[in-house]
Amino acid sequence: MKNQSPVAVLGGGSFGTAIANLLAENGHRVRQWMRNETQAETMRSQRQNPNYLTDVPILPGVEPVNDLVQTLDECELIFVALPSSALRQALQPHASRLAGKLLISMTKGIEAQSFMLMSQILEDIAPDARIGVLSGPNLAREIADHALTATVIASDDETLCQHVQDVLHGRTFRVYASPDRFGVELGGALKNVYAIMAGLAAALNMGENTKSMLITRALAEMTRFAVKLGANPMTFLGLAGVGDLIVTCSSPKSRNYQVGWALGEGLGLDEAVDRLGEVAEGVNTLKVLKAKAEELQVYMPLVSGLYAILFEKYTLDQVIEMLMLSEPKTDVDFISSTGF
Ligand SMILES: NC(=O)c1ccc[n+]([C@@H]2O[C@H](COP(=O)([O-])OP(=O)(O)OC[C@H]3O[C@@H](n4cnc5c(N)ncnc54)[C@H](O)[C@@H]3O)[C@@H](O)[C@H]2O)c1
Ligand SMILES: O=P(O)(O)OC[C@H](O)CO
């Protein structure tokens, strides 16, 4: 079933571009909104995004636009691919236009002051909207290249999940549903931090044992934190948990991994972020996560270690020594408490 009204994608970056094209491939009319009028005009005339995924042709069904009010008024289903630092500021002024709309957050970040996830911000801005989260192992570059990909639409609104499955599902993009919006969204935000670490380790050629240890202990740490916040740990075994953690910690196409790689090459954090020139949400997430873990007294040695390197002038060697020589722990925390 095709939408009568066009579908909106908010964001002119790589993920907005990949998802807008995917929707158009499935036969939907798409309004891809971006704040930069020149960029929208260039995309309309050249049929290419001048800044992101520059070699990907913009399909005829995608109309790059610059008028947010008109876009929100025209569209019932709205995918949000704005950086976490921009989401509230971009949508708050238009709160009254969002009532009753289907708002799907694809943004993987955490708001600094409030520790709110992006769908919680959407709910805060638009309490009468219907809210979902799309998350999973979803590198924009690979979606645009039609690599076989799976994702998760998460919401307690089953009709919304079905609708999003209908519009996005296709030959190269498979959409699973989950009722656990909080767990799915938290997984997508937290894994960015560990991808920085994995990129750093890879640049230093630390080896496959190290990579595996990092990913597995990252999963343990993320899950421990999530349980403290009341999330369901089982969600972290799915695509939006371990799935996204694996891809982001393994792929040089991940921007968070690239920041870590640049740090491993000896760049400072600011230089690494500048060189990237795109959003790497893990840097801000690390700051808010470190503070929250301390507040909640959750043991997160990898987060503390990376924070110590990036913001407290510890050397990598000092942090490695602290991590490796700390008191030995149990492998899987939950085994003893579940009685298996
Ligand atoms: N790229 C991916 O592979 C991917 C995959 C899944 C989720 N995401 C998430 O999607 C979000 C966006 O990432 P991206 O990859 O598209 O980023 P990007 O760096 O490719 O592009 C960011 C875009 O946001 C725009 N922007 C910045 N500030 C803005 C503001 N105040 N108002 C409006 N637009 C603004 C920029 O101009 C740019 O067009 C992030 O939270 C990211 O974690 C990205
Ligand atoms: O490029 P990154 O590091 O923002 O990661 C992109 C996606 O979140 C991977 O699922």
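The largest share of the shell around ligand 2, three residues, comes from helix H10, where a helix is a DSSP run of type H or I with at least four residues, a strand is a run of type E with at least two, and both are numbered from the N terminus. This is a predicted model, in which local features need pLDDT of at least 70 and side-chain atom pairs count only at pLDDT 80 or more, while totals for chains, interfaces and linings use all residues. Residues are numbered from 1 along each chain as its sequence is written, and chains are lettered from A and ligands numbered from 1 in the order in which they are written.

Staying with ligand 2, its surroundings consist of Lys 108, Pro 137, Asn 138, Leu 139, Asn 192, Ala 195, Asp 244, Val 247, Thr 248, Ser 254, Arg 255 and Asn 256, a residue being near a molecule if its C-beta atom, placed from the backbone, lies within 6 Å of it. Helix H8 (181–203), helix H10 (239–250) and helix H11 (255–264) each supply at least two residues of this shell. Sorted by class, the shell around ligand 2 has four nonpolar, five polar and three charged residues; here Ala, Val, Leu, Ile, Met, Phe, Trp, Tyr, Cys and Pro count as nonpolar, Asp, Glu, Lys and Arg as charged, and the others, Gly among them, as polar.

To place this shell in the whole chain, we turn to the domains. The domain assignment, which is automatic or from a database, gives domain 1 (7–179) and domain 2 (183–331), and their C-alpha centres lie 26 Å apart. Because both domains give residues to the shell around ligand 2, this ligand lies between them.

The two domains also touch one another: 24 residues of domain 1 are in contact with 25 residues of domain 2, contact meaning that the C-beta atoms of two residues, placed from the backbone, lie within 7 Å. On the side of domain 1 that touches domain 2, strand S6 (130–135), helix H6 (140–144), strand S7 (149–154) and strand S8 (173–178) each supply at least two residues, and S7 gives the most, with four. That side has 12 nonpolar, nine polar and three charged residues.

Ligand 1 has 26 residues around it, of which Gly 13, Phe 15, Ala 86, Ala 140 and Glu 278 come nearest. Helix H1 (14–25) and helix H4 (84–91) are the elements that give two or more residues to its shell, and H4 gives the most, with four. The shell around ligand 1 has 12 nonpolar, 10 polar and four charged residues. Since domain 1 and domain 2 both contribute residues to that shell, ligand 1 lies between them.
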